[in-house]
Structure formats: C-alpha cells, structure tokens
Amino acid sequence: MERLINLWIAVAVILLISIGGGVAQPQPGEPAAQPKRIVVLYSYGQNFQAWATWGTAIRRELNQQSSWPLDIQEYSLVTARNGDEAAEAKFVEYLKALYAQQPPDLIVSLAAPAARFVQRYRADLFPTVPMLLAVVNPRRVEPSLLSEQDAMVGVQFDPVVLFDNILRLLPETKTIALINGNSPPERFWAGEMQRVLGPLLKGKVDLLFYGERSFAETLKAVAGLPPHSAIFFQQLNVDGTGAVYGDKEPLKRIHEVSNAPIFTFDESYFNGEAIGGPMFSPAEGARPTAAVAVRMLGGEKAGGIKVPPIDFSIPRYDWRQLQRWNISESRLPPGSEILFREPTAWQRYSWQITLALAVLLVQAGLISVLLLEHRRRRLAEVQSRQRMTELAHVNRFSTAGELTATISHEINQPLGAILANAETAAVILDSQSPDIVELKTIVNDILRDDRRASEVVRRMRSLLKKAPFELKNLDFNDLARETVGFLSTLAIGRKVELISEITSEPLPILGDRIQLQQVILNLVMNGIDAMRDAPAKTRIISIQSARTENFAELSVSDHGPGIPDDKLNEIFEPFFTSKAEGMGMGLSIARTIIEAHNGQIWAENRDYGGASFRIRLPLVR
C-alpha cells in the first residue's frame, strides 16, 4: 500500500512539473526559436544626437517586448544630407545584394528621409517584407505608396504649441532665432516654420533663419542677439557650407556663446542647454513603436495596425536654466515637471543641520542653566557678603564695648586738660595786665587737646560705622599703624605691650579700610585675651609687616599658651571659641573678610611659645 502511494505522488509531481514549466522550456531535442532579423535605417546617421537617442530607446524596447531573440542590424542613409540620388541607387544595390539570400523579417525607418527612401525603393528592395515608418511626420509620407505591408507610428509636430511656450515664459520676446540646417529635409522644415508661424507672429516677433550660414557665422549671430530674444533649436545636421555638424554637439557650442535662452522640440537635446517645454520623449515614443514592431513580427497584417501619432509629452523644464534666465515657476503650464532642481541646504545636509541644531539647543540649555546658577551664586554671594558685613558690624560693636573704659579715659584726659587750661585763661584775663604770651600757649594747648579728643571720637565712629563693602587703594602699613594707635590705650590698661614693626616699604593693596581694620583689631584683641593669665612681663604682642614677592604680609603674634595642633584648622570655623564668654565669630569673620579680598589668613604656633596669625593680601601696581 505504501509503495502504491509513493508511486501516485511521483506521478503527481511529474504532472505538475510538466504543466508549470513545460510550456516555457523547450523539450530536449526541440529546435530553439530562430532570431527575428530587423533592419533599422537611420535618416542621417547613428551618431547624430537625436536619432542616436531614438534608436537606443527603440532598440531597448524591442528587446524588452519581444518574445523572440532579435538580430538588429542598423544602417545610415548618408545621402539624406545632400540629396544625392545617384548615391542612393548604389545604396539600394548594396542592401539588395546583402539580403538577397535571406531577407529581413522587418524594416524600420527612423524619420522622414529614411521613410521616403524605403517607400521610393520598396519594389526593388524588399517588396514582401513588412516595413514600419517610425518617428515621421505623416505629412512627409506619400499615402499612395503605402501598402498592406506597411505600418506607421508618426509624430504630431505642432510648432504653434512650441512657440506659445516661448511667449508664455518670456512674454516680452521680440526676436526668435531658429537654428536649422541646410540639408533638403532641414530646408523643408524651415519653410514649414515660416509658413505656419509667419502669419501668427507678424508684427509681434521677428523670426530669424540661419540655415544658409556657416556654423561659425551662426555662432557669431547668436552671441549678439538683441535684448528680449530667444533661440529655438530644431536641428543642425548640415550647415550652409555643406559641413556636417549633427554629430558634433552643435547645441552645446551654441549654448556656450549665446546671450539668449534656448528652446527645443525633442528631449534628445534636453541635456542642460535648453530651458524645455513641450517636447517629444524618445523613451515614451519608443514604447508604441516597439509594440507595433512586435505585432508585425508576430504576423499581424501591417496595414490593419493603426495607432495615434506620438504627441508632445508633458512640459519638462530645466530648473538651472529657469534660474539663469530669471523665469518664475508661476509662468509654467499646469502639470509641468521641473528637472535638475538643486536640493536645498536642508535636503542636502538635513541630518547635519539637525545634529547642529540639537547641539546648539543643548548648549543653549546648558548656558541658560549655568547663567541661572551663576546668577543664584552671585545673589547668594551678595547676600552672604551683606550678612557678613552686618555680623562684622555687630562684632565691632562688641569690641567697642570692651574699649569703652579705655575710650572714656582717653577722652577724659584731653577734656580735663581743656577745662584746666580754660580756667587758667579766665584767671589771667581777670588780671589787670593779662599775659598775652601765656594766653597763646594756653589756647594752643586747648586746641591740641581738642584735636586729640576729636581723633578718639573719629576713630570710634569709624569703627562703628556701617558702610557697604567698598574696595579702595590703601597702604597696608598706614592701616596697621592707625589700628595700633587706636589700641594703644587699651593695651596700657590691660598691661600689654604692643610692639609695632612696620616696614618702611609701601605695601599698596586694594581693600575696604573698615573691614581690614576690624581684622587686625580682632587679632590683637584675641592676643590680649590669650595672655590674660600670663605674667605681666611676658604680655607682649608684636605686629609686623613685610613684602613677600607680590603680596603684603602682616603678622600678629602673642606670648600666650598657643593653639592645640588639632585645632589649628578649626579656629576659623563659625562658633568655635576657647573663651567661656566668647561667641566664636571673630576669626570666622576675619577669614571671610580676607578671602573677600582674595587673600589668605592662617594661624601657627611659635617655637618659643604663643601663637602667630598671618595675613597675606595681593599687592597692586
């Protein structure tokens, strides 16, 4: 049973293979299909720009649409350039001898000269071979010579449409130069253009024809056209002297020297020199041409094949030429196609621009955050400085309280002397012969004591003054001397000796006088407090100043017990104090003030006992 099932499966597979693939593939031993031989006859030559493009497109379509292998053989009707009928007869004999034994399956003529040639010599050449007249204007075909073996795929050439396109894009046009050659077919078309367009454009646009000129003269003429001119390039195969130019890219050379925009009728010439418009498309025209040829190769009666003539394709324009001649796209016909448009910067570099914008946005965001943080920091610094100033002011009031007794004593002395001198002066004035010299001496003493009392008051007011942080040019030595003088009375009262060793070299700095004075004051007061229990003879505080490289240095040293080594870094912290009644803010305020002046302050123990506080501030020039 299993063997029977396998046999049925094998038979089914063979049937499927024979049904699915047997039609397309020839059976072993079956002869392969014979190639179809096609003779293509060019009007001027295979290398002429327009016919080379049309021939390539038709050959491509034939190979794509044909189910048979093709043998395409191409020949050029060179005699079309000069109309030499004697040479045509020799060419007929050549073709007749060439295909005497094996005639072609199809003859295809391209353009009017080749069509007229095969019609004229059909009886002598291939009377029974089907002929396809392609890319030819029906007006150039002789209807009486068409047989049942002939088919035609014509082109509908309408010069009015072409020139309407020129005037639509360039409404101010006054002159149109028509570039055409001087071969018999080219002369025919020049006459047709004059016949059709002359009456329509009369009095509006001047038509210039250069067919009888040499190509050099044509180039010179198009280089000097008047303003508001245009050029219509139809074809230039042979110039007025008989020189052949169709295969030498004459349009490119005209474009290089012309001072007017160029138009044409065939996309074969649409390669960067012409503006464009309605044109014949070889790619589009080749499809129906090849389709008719395949039908004829398949045996269909040629006389019964009727197809509409090939018309202009949708208008196509060269964006580069529109830009060059400043032609607005709004003037183009609806549905036009614009080619060769240069991509915009965004289309070219979209991902680079996106990346750059993203980087810029990230940078902008980071900068915004940094600016906000900087603003907050500056605000915090300002607030901190204000708090520090207020705290320093409170600290000065506290210090002033300790100096009250000394200040009172210092003021009472000059006031008592003033009172005594005033009473003495009153007695002298009551005498019968006052001693004027003595009175002058007494007045000078009163003035001296008054200035002394005023200086004490000024110093006190300066100490207690609440002023904003303000940097000014100062001499650090003068500031130190003034502070030592202010504390001298307090030091005497506390039985402390102040030794001032101020350098004679100026120490110019940029600082706030009141705040720096408070720092020195705090350091000296700390030294006096540190020596409270020391013997009277060792209660010495030395104040020294010096220049160290680019810095001004000031040291305040005492002979107290010193600072524990593990506390040297803590004493400048807020609320750190070794006094039972202290707040622990004096040294913290001192450090804040010095750092605000871009300086340094530190403490160290002396080798022979006591502590030394050092201040370092940058010098200014």
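Arg-614 and Glu-604 form a salt bridge in which the closest N and O atoms are 2.8 Å apart; the term stands for a side-chain nitrogen of Lys or Arg within 4 Å of a carboxyl oxygen of Asp or Glu. This pair links distant parts of the chain, with Arg-614 in strand E19 (residues 611-618) and Glu-604 in strand E18 (residues 600-605), ten residues apart. Strands (E, at least two residues) and helices (H or I, at least four) are DSSP runs numbered from the N terminus. Arg-614 is partly exposed, with a relative accessible area of 26%, and Glu-604 is partly exposed too, at 28%. Here, buried means under 20% relative accessible area, exposed means over 50%, and partly exposed lies in between (1.4 Å probe, protein chains only).

The model is a predicted one, in which local features need pLDDT of at least 70 and side-chain atom pairs count only at pLDDT 80 or more, while totals for chains, interfaces and linings use all residues. Residues are numbered from 1 along each chain as its sequence is written, and side-chain values use heavy atoms, with hydrogens and water left out.

The structure holds 23 salt bridges in total. Another one of them joins Arg-59 to Glu-74, with 2.3 Å between the closest N and O atoms. Here too, distant parts of the chain are linked: Arg-59 sits in helix H2 (residues 49-65) and Glu-74 in strand E2 (residues 70-76), 15 residues apart. Arg-59 has a relative accessible area of 28% and is partly exposed; Glu-74, at 23%, also counts as partly exposed.

A further salt bridge is formed by Arg-320 and Asp-318, whose closest N and O atoms are 2.9 Å apart. In this pair, Arg-320 is partly exposed, with a relative accessible area of 34%, whereas Asp-318 counts as buried at 0%.
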